[in-house]
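Thanks for coming. I will take one surface patch and then one interface.

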Amino acid sequence: MLLKVENVAKSYGRKRVLSGVSLFVSEGEIVGILGPSGGGKSTLVKIISGLEEADSGSVSLHGRLGYVPQQDSFYPFLTVAENIGYFAALRGEALGKGFFGLDPDQQASELSGGQRKRLSIACALTGGPDLLILDEPTVGLDPVSKRDVLSFLAGLGTACLIVTHLMNEAEELCDKVILLSGGVVSDSGSPAALRRRHKAKDLEEVFVKVVNRSVSSGPRKDG
Amino acid sequence: MSTAASAAALARTVRKDLLFFLRSRNAIILLLVVPLSVVLILGNVFNQKAASGVKVLVCSEDAELGAAYSQALGRGKLFSVETGSGPLCRDEGKARILSGKLSAEIFVPAGAARAIRENGSGQGIEVYYDNSQEDTASFIVTYISGITGVISANISEEFIGSAWRGLERMGEQIEVAGSQLSQVRGRLALVSGRMESARLQLENVSVSGFYSKMGDMESFLNEERATLLLANSSLTGVGERLSRANETLNDSRALLADADGLLAEDIKTTDLLLDATRLTEASFNSSYSILCSVSACPNASASVVTDLRMRLQGRRDKELEMRAKIATIDSNLTEMQAELANATAQVSEGRDYLARVSGQLGAASNLLSDMRGSLADFEAMRNNSISDLDYSRQAFGNISSEIESSLPKIEEARGALARIYSRDPAGIVTPVYLKPSAIFSAGGFSYVYPVLCAMVLMFNLLLLGANGMIAERKGGTLLRSYLARPFAALFVLSKLFALVVVGTFEALLMVGVAYLFYGTRLSSAMWFSLSALAVSVLFAAMGLAIGLLVKDESSALLVTVGVSIPSIFLSGGLLSFEFLPAAIKPVSQALPLSLSSQAMRASAVYGAQPDFLALSAYAAVLLLASIIFLPKRLE
């Protein structure tokens with residue numbers, strides 16, 4: 001097991017953001033975290049990344065972590081090679097795993113949307129991470145670019161934890177989906193299993209059902 | 001991760017940030033255009049060395065001082081001087097100042113120069129100026145004050161110079177007086193010696209001897225008088241005898257005269273006989289010669305006649321001889337008679353003389369009596385003189401000792417006067433000469449540009465540091481970098497390093513431009529470079545801290561401007577600390593820009609080692625805050 005999150009809870013003051021969250025990511029597995037805004041996705045990612053500590057529970061990561069933020073998280077004034085080289089240097093290696101079809105001498109600010117995302121992922125892949133966390137990796141991309149990114153991720157072979165609200169994207173790409181709503185894991189499983197369990201035609205319907213159920217049960221409070 | 005890997009990571013981070021500064025148009029504009037324009041524009045402004053054409057009206061009721069002010073202000077191009085006089089001049093000048101047509105007016109009241117010269121002070125010179133222009137007003141007041149000082153000094157110097165010459169003469173007179181006193185003292189000593197001698201002589205005079213001698217003289221005179229009387233009596237007897245002898249002589253002469261008469265008669269008879277004889281003899285002789293011629297010579301008859309003639313001749317000779325003797329005797333008697341007469345006259349004269357001598361002796365005797373009285377008076381006077389001499393000597397001694405004690409004082413006074421008048425009167429009026437030496441040979445900008453460097457560094461590094469950090473945060477690169485290498489210190493220091501490189505370069509660029517265009521020179525390139533480094537560290541750290549604290553770029557700009565503008569005015573660069581309120585001054589002096597300006601100025605202008613301690617402390621605190629805050633500001 002590459003990533004093991006067990007009963008993680010987190011509160012900001014009196015507001016509980018996460019409660020009893022558990023998830024597991026195996027090697028080569030692509031896991032999607034779905035949830036409405038304010039559902040605790042970002043907090044969970046921070047805890048997994050080590051940026052924040054959980055109030056309770058545990059996170060264990062057996063391997064190195066790579067992170068791909070939602071926006072273009074590279075330096076537009078650097079070339080592709082310079083960007084990748086910089087992050088590679090931070091990780092203690094000469095260069096990353098290559099340029100992934102990008103022109104190494106092209107300045108990052110001149111790349112297309114898909115190329116930018118690819119560069120961003122390439123930067124995250126420097127140092128050979130065992131787990132890649134991606135935050136909304138296809139937001140803002142045109143369909144062609146989106147397709148390009150998704151195929152790129154699928155072909156990586158690296159375990160990914162994708163935070164997204166794009167259901168079709170998750171359904172297409174993820175081996176396993178975790179529905180996070182109101183700070184708790186409402187449900188989880190493969191897209192197909194979730195559809196079956198909630199008798200829905202697609203993940204979006206599953207998501208709506210789960211969220212509505214969470215809203216009707218009311219917000220969770222400490223104690 | 002190894003140290004080498006850490007160093008490589010650090011180098012990559014620095015390189016990345018430096019590439020940003022090279023490739024970002026905004027960064028280049030900020031780093032090049034701002035400092036260049038600041039140096040070029042402000043250099044031109046601050047290098048203006050002095051004001052010019054300041055309009056001043058000299059409104060004077062005193063021709064001398066008015067001319068002095070006009071002349072002094074008219075030198076150079078600082079002032080444009082107008083002159084005026086009359087009762088309305090002053091108010092008209094004030095009205096023109098109020099209307100902005102004049103910068104200042106100097107009003108010189110009547111008699112000001114004379115009052116200063118005679119009384120040492122005069123009526124105040126009035127200066128009216130436009131205080132709405134603070135710098136110009138300060139310049140005018142300072143300049144006119146300086147001129148007033150010079151004019152006053154000139155007048156005072158004239159007066160003091162005269163007094164000085166008087167002192168000099170006084171010193172010479174004191175020297176002469178001292179010399180004369182010394183001479184008087186010498187003479188007093190001499191007189192005193194002589195008085196002592198006189199006193200001794202007076203004491204040695206023995207009056208009693210005089211009295212004894214006078215007694216002797218009196219006795220002598222009496223004896224002489226008696227002798228004279230006796231001599232007179234003797235002379236009287238001699239006279240009588242002489243008279244009788246004269247009578248006898250007269251008788252003798254009469255007898256002689258009778259005898260002479262007789263002889264004369266006898267001679268006449270003889271002469272007749274002689275004539276008769278001579279005739280006889282002549283007859284005999286002729287007869288004899290005839291006889292002798294005819295027959296033998298009858299000797300006997302001729303010789304008898306000759307013999308007779310010879311006898312007669314002898315008798316006549318004897319009678320003549322007799323008469324000669326009688327004549328001689330008569331002559332002798334006559335002489336004797338004359339001598340007797342003379343003796344008688346002498347006796348008579350002797351008697352008269354003796355009478356006179358006798359009278360004189362009496363007078364002498366009387367004189368002696370008088371002399372005895374005088375001698376008594378003399379004795380009394382002598383005693384008084386001795387007493388007076390003693391008193392005078394004592395007085396002379398006192399005077400001499402006073403003169404002696406006065407001489408050093410005179411010498412001291414002379415020395416004091418000499419010390420005074422040896423000085424230059426001008427040095428008394430203005431004993432302290434200000435030697436204005438401009439530190440900034442190239443003009444005011446030499447002083448300002450280090451401060452401008454600090455200001456530009458502050459603004460640019462705050463903006464670049466804050467925006468760079470915000471861009472990293474917002475772009476996710478900070479988070480990504482942190483996740484890749486979770487060492488906040490490394491990240492902060494690497495960004496700081498790049499900013500410091502840029503800041504130091506920027507400072508040196510400004511220095512170079514200032515040198516090329518305005519000739520400013522660095523007193524110490526080493527200390528200035530280190531100062532630029534320290535200031536860059538400080539403001540880069542501050543910029544990074546701002547970038548971690550504020551939300552976005554606009555907030556960063558707001559904070560940068562909010563920090564920079566008050567700092568610029570409070571850092572002592574544009575407004576001196578001395579002009580700031582007391583409550584604000586300590587805060588102002590502790591501002592990072594104040595410390596930075598001082599460091600840059602100290603190194604650039606004075607070549608001094610700046611105080612890096614406070615700068616380092618600020619930078620350390622800010623860096624520490626950034627390092628602590630960075631993990632909490634990941635987005």
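A term to begin with: buried means under 20% relative accessible area, exposed means over 50%, and partly exposed lies in between (1.4 Å probe, protein chains only). At 40% relative accessibility, B:Leu557 therefore counts as partly exposed.

This is a predicted model, where local features need pLDDT of at least 70 and side-chain atom pairs count only at pLDDT 80 or more, while totals for chains, interfaces and linings use all residues. Residues are numbered from 1 along each chain as its sequence is written, chains are lettered from A and ligands numbered from 1 in the order written, and side-chain values use heavy atoms, without hydrogens and water.

B:Leu557 sits in helix α14 of chain B, residues 553-570; helices here are DSSP runs of H or I, at least four residues, numbered from the N terminus. Together with B:Val561, B:Ile565, B:Phe569, B:Leu574 and B:Leu575, B:Leu557 forms a nonpolar surface patch with about 500 Å² of accessible area. Such a patch joins nonpolar side chains (Val, Leu, Ile, Met, Phe, Trp, Tyr) within 5 Å, from residues with over 30% relative accessible area and no salt bridge. A salt bridge is a Lys or Arg side-chain nitrogen within 4 Å of an Asp or Glu carboxyl oxygen. Accessible areas are Shrake-Rupley values with a 1.4 Å probe, and for residues only the protein chains shown count as cover.

Now the interface. Chain B and chain A have two salt bridges between them. One pairs A:Glu82 with B:Arg23, with the closest N and O atoms 2.6 Å apart. On the side of chain B that touches chain A, α1(B) gives the largest share, ten residues.

Terms used:
Patch = residues over 30% accessible without salt bridge, like charges linked within 9 Å, V, L, I, M, F, W, Y side chains within 5 Å. Helix = DSSP H or I, 4+ residues; strand = E, 2+ residues; numbered from the N terminus.
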